[in-house]
Amino acid sequence: VVYSTLGSYCEYTRVSVDKAVKIPDGVSVEAALCCMVQGLTAHYLTTDATAGLIQKGDWMLIYSVGSGTCQWAAQIAKLKGYKV
């Protein structure tokens, strides 16, 4: 199970079941954690960090789209209607 929140860098923590994400069989904890961290970072960068600065149809420049976080960001930006 993977879970992320502010202050969650500890060996053990309590979490509400509705906030947990089951790791599929065959996916390592490391791979699941990378996807969660990259995905959450990309989501933050394409929503909260740019709130009110970019509108649907505007260009969003994403450097280094070869990296995991930027690949997520490019996909999220396109889903939000930004030109990438």
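In this predicted model, the secondary structure of the chain amounts to two helices and zero strands. Among the contacts in the chain with a separation of 6 or more, 52% are accounted for by residues 24 or more positions apart.

The packing of the helices comes next. Helix H1 covers residues 29-46 and helix H2 covers residues 68-79, and the two pack with their axes 8 Å apart at an angle of about 50°. The crossing in which H1 passes H2 is right-handed. On the H1 side, the residues that meet H2 are Cys35, Gln38, Gly39, Thr41, Ala42, His43 and Thr46, while H2 contributes Gly68, Thr69, Trp72, Ala73, Ile76 and Ala77. Sorted by class, this contact of H1 with H2 holds six nonpolar and seven polar residues, and no charged ones.

The loop between H1 and H2 deserves a separate look, and Ile62 is one of the residues placed there. Because its relative accessibility is 15%, and buried means under 20%, Ile62 counts as buried. Leaving aside residues up to four places away in sequence, Ile62 touches Cys70, Ala73, Ala74, Ala77 and Val84; among these, Ala73 and Ala77 also belong to the H2 residues that meet H1. Ile62 and Val84 are separated by 22 residues in sequence, yet their C-alpha atoms lie 7.1 Å apart in space.

Ser64 is also located in the loop between H1 and H2, and its backbone has a positive phi of about 60° although the residue is not a glycine. With a relative accessible area of 52%, Ser64 is exposed, since the exposed class takes in values over 50%.

Gln55 is found in the loop between H1 and H2 as well. Its relative accessibility of 46% means that Gln55 counts as partly exposed. Gln55 and Lys80 stand 25 residues apart in sequence, and the distance between them in space, from C-alpha to C-alpha, is 8.9 Å.

Definitions and conventions: Residues are numbered from 1 along each chain as its sequence is written. This is a predicted model: local features need pLDDT of at least 70, side-chain atom pairs count only at pLDDT 80 or more; totals for chains, interfaces and linings use all residues. Side-chain values use heavy atoms; hydrogens and water are left out. Axes are lines fitted to C-alpha atoms, for helices over the stretch in contact, and angles run from 0 to 180 degrees between N-to-C directions. Helices (H or I, at least four residues) and strands (E, at least two) are DSSP runs, numbered from the N terminus. A crossing is left-handed if the near helix is turned anticlockwise from the far one by less than a right angle, and right-handed if clockwise. Contact means heavy atoms within 4.5 Å. Ala, Val, Leu, Ile, Met, Phe, Trp, Tyr, Cys and Pro count as nonpolar, Asp, Glu, Lys and Arg as charged, and the others, Gly among them, as polar. Buried means under 20% relative accessible area, exposed over 50%, partly exposed in between (1.4 Å probe, protein chains only).
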